[in-house]
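Subject: Structure for you to look through

Dear colleague,

I am passing on the structure we talked about, and I would be glad if you opened it beside this message and followed along.

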Amino acid sequence: MRIIYLDILIGVNLGIDYLMLFALSRISGVYSTRFKLFLGALIGSLYAVLSLMVKSTIITSLPIKIGVSGLMVLVSFGYKNKSRFLKLLILFLFISFAVAGGVLALGNISGSSFFAGSGYYINNISFKAIVIAMLISFIVTGFIFRNDAKDIVTPRKTVKADIYFLNNHAEYTLLVDTGNTLHDIISGKPVIILDKFSASQILPINVSLSRLHTENSADILSNIPENYIKHFRLIPFNAVGKKSGLLLSFKPDKITIDGKTWHGLVSINADRICGGQYQGLIGL
């Protein structure tokens with residue numbers, strides 16, 4: 001006969017559920033306080049106790065499990081809209097399935113069962129092994145997959161920009177970044193930032209950006225052919241966590257943002273924007 005200690009059952013599930021909710025926060029990029037995560041985990045641990053004590057298939061049925069998961073997400077992250085809640089719930093279910101699969105695999109390898117009812121029960125594994133597993137989970141969720149689902153749960157605002165320059169035209173997807181306050185110091189006009197790969201689509205073929213990097217904008221400007229150089233200039237910038245410097249910039253013939261005329265300049269960044277997810281930034 002297997003003996004289940006209630007305090008261990010509550011403690012183990014409280015810890016595992018907290019880590020899963022913490023992982024959800026890190027992966028989704030949705031912030032929650034430790035206290036709210038604790039309350040959500042407490043609901044999960046109490047459900048584990050209930051599933052063990054109440055001998056009913058209804059308690060352990062899939063709809064009830066999904067309902068409890070939804071309540072844990074709701075308590076931990078609140079409710080802003082249906083779409084956000086459903087995306088968080090689905091992501092939490094994926095995390096739960098992954099953890100359950102890992103625990104099941106560990107049980108098969110060790111020849112032990114780490115489940116009790118619909119909860120987890122770990123009583124014959126070393127504390128050292130638990131600490132190592134927790135550290136690995138934190139590294140994976142906290143650093144490797146951090147914010148990987150952020151755009152899915154809370155999509156970032158983007159705009160479509162049509163830029164016309166010297167008989168060339170290209171359409172870009174720009175991330176709206178309220179932190180982008182870059183302006184031309186001469187005209188005072190706002191500035192769009194494109195990565196050099198996207199900017200090359202609209203520039204004359206003999207204006208090469210292949211050698212452009214953070215500190216050689218002036219050198220690139222000096223090598224632009226005379227018949228084009230009047231359209232270009234350098235704009236100084238400051239960025240948090242980066243050195244200040246100069247951005248190679250140009251004044252397009254026309255810019256429209258979501259079909260509306262927009263007056264400003266375009267600066268060229270040497271690196272891709274958000275790892276290539278967007279072609280540029282605009283501050284609106």
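Predicted model: local features only at pLDDT ≥ 70, side-chain atom pairs only at ≥ 80, totals over all residues.

The helical part

The UniProt record, in an unreviewed entry, carries the annotation "transmembrane region" for residues 6-25, 37-54, 60-79, 86-105 and 125-145. Two of these spans can be compared with the model: residues 37-54 are 94% helix and 0% strand, with their end C-alpha atoms 26 Å apart, while residues 60-79 are 80% helix and 0% strand, with the end C-alpha atoms also 26 Å apart.

Helix 2 (34-53) has 20 residues and reaches 29 Å from its first C-alpha to its last, which is close to the 28 Å expected at 1.5 Å a residue. Its buried residues are Leu37, Gly40, Ala41, Gly44, Ser45, Tyr47, Ala48, Val49 and Ser51. Val54 is found in the loop between helix 2 and helix 3 (62-77), and because its relative accessibility is 32%, Val54 counts as partly exposed. Together with Leu6, Leu50 and Met53, Val54 forms a nonpolar patch on the surface, and the four have about 360 Å² of accessible area together.

With strand 11 (residues 280-282) strand 5 runs antiparallel, joined by two bridges; Leu194 has Gly280 as its bridge partner, and Ile193 stands opposite Leu281.

Which way do the side chains of strand 5 point, and are they buried or exposed? Val191, Ile193 and Asp195 point one way, Ile192 and Leu194 point the other way, and all are buried. Since five of the five residues are buried, strand 5 is largely enclosed by the rest of the structure. In general, side chains in a regular strand alternate between the two faces of the sheet.

Finally, UniProt lists Asp177 for "active site", again in an unreviewed entry. Asp177 lies in the loop between strand 4 (168-176) and strand 5, and because its relative accessibility is 25%, Asp177 counts as partly exposed.

With best wishes

Technical notes. Residues numbered from 1 in each chain as written. Heavy atoms only, no water. Patch = residues over 30% accessible without salt bridge, like charges linked within 9 Å, V, L, I, M, F, W, Y side chains within 5 Å. Areas by Shrake-Rupley, 256 points an atom, 1.4 Å probe, with all protein chains shown as cover. Salt bridge = Lys/Arg side-chain N within 4 Å of Asp/Glu carboxyl O. Helix = DSSP H or I, 4+ residues; strand = E, 2+ residues; numbered from the N terminus. Buried < 20%, exposed > 50% of the residue type's maximum accessible area, 1.4 Å probe, protein only. Expected span 1.5 Å × (residues − 1). UniProt positions renumbered as here; feature names shortened; annotations may be inferred. Pairing = 2+ DSSP bridges.
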